[in-house]
Amino acid sequence: MKIILSSAVFFVCTISMAQDVVFISSISKTDKGNARQASDKIASLTTLSYRFYKIMEQASDSTYTIIYAPASISDADLESKSEWDECLYVDFKLENKEVSKTLKFQSIRGKYLDIFPAWKKYFKQKAHIEYTITDPTTREIVDSNHGYRFILKEGENAKIPRWSIINKS
């Protein structure tokens, strides 16, 4: 019985770890449709009720940003850019724009309480919400087997408490 139970626990742990690698792989090289689906999953984990707002594509620097706004903020307030600090951003970079339309995940930007659930679920499952915010040594994940490196970083502007999960791969 112990063997069956321990095998089942090992199998469940292996599957849960594989889901993270699968998600990270899926956003590392993706297209616009799948980027939106992955971003929706990230936004669904947040503490606020976010709604899809819009996509901004910048040809000059090959960026593709999916923006989610709090449901309580109107489009008029957002268009005046007075409330953009409250938004959640999922950034991608367009790679080889002449040849293909492949996107590579760059970052998730938002408030700590809104991006931490994605950090915990997809990048560092053992992360603790309070320890992570106070201990910078817990804010990096490196997977040399898959070639991934992600950092959870606090913004430098004290007036706008923004955090980012940044792809350093």
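Modeller: Among the elements of the chain, strand S2 (residues 63–70) has the highest mean pLDDT, 94, whereas helix H1 (residues 2–28) has the lowest, 55. Over residues 4–19 the pLDDT falls below 50, and this stretch has two contacts in the model beyond near neighbours in sequence. Where pLDDT is low, the predicted coordinates should not be read in detail.

The helix to look at is H4, which spans residues 112–123. The structure holds eleven aromatic pairs, and one of them joins Tyr 112 and Phe 116 in a tilted arrangement, with 5.6 Å from centre to centre and 40° between the planes. These two residues of helix H4 are four residues apart, about one turn of the helix. Tyr 112 counts as buried because its relative accessibility is 7%, and Phe 116 is likewise buried, with a relative accessible area of 5%.

Further along, Trp 119 and Phe 123 form a stacked pair, 5.9 Å centre to centre with 25° between the planes, and they too lie in helix H4, four residues apart. Trp 119 is buried at 0% relative accessibility, and Phe 123 is buried at 7%. Ring pairs also link Trp 119 and Phe 123 with Phe 92, Phe 105, Tyr 148 and Phe 150 into a cluster.

Technical notes
Residues are numbered from 1 along each chain as its sequence is written. This is a predicted model: local features need pLDDT of at least 70, side-chain atom pairs count only at pLDDT 80 or more; totals for chains, interfaces and linings use all residues. Side-chain values use heavy atoms; hydrogens and water are left out. pLDDT is the predictor's confidence in each residue, from 0 to 100. Contact means heavy atoms within 4.5 Å. Rings of Phe, Tyr and Trp (its six-membered ring) pair if their centres lie within 6.5 Å; planes under 30 degrees apart count as stacked, over 60 as edge-to-face and the rest as tilted. Buried means under 20% relative accessible area, exposed over 50%, partly exposed in between (1.4 Å probe, protein chains only).
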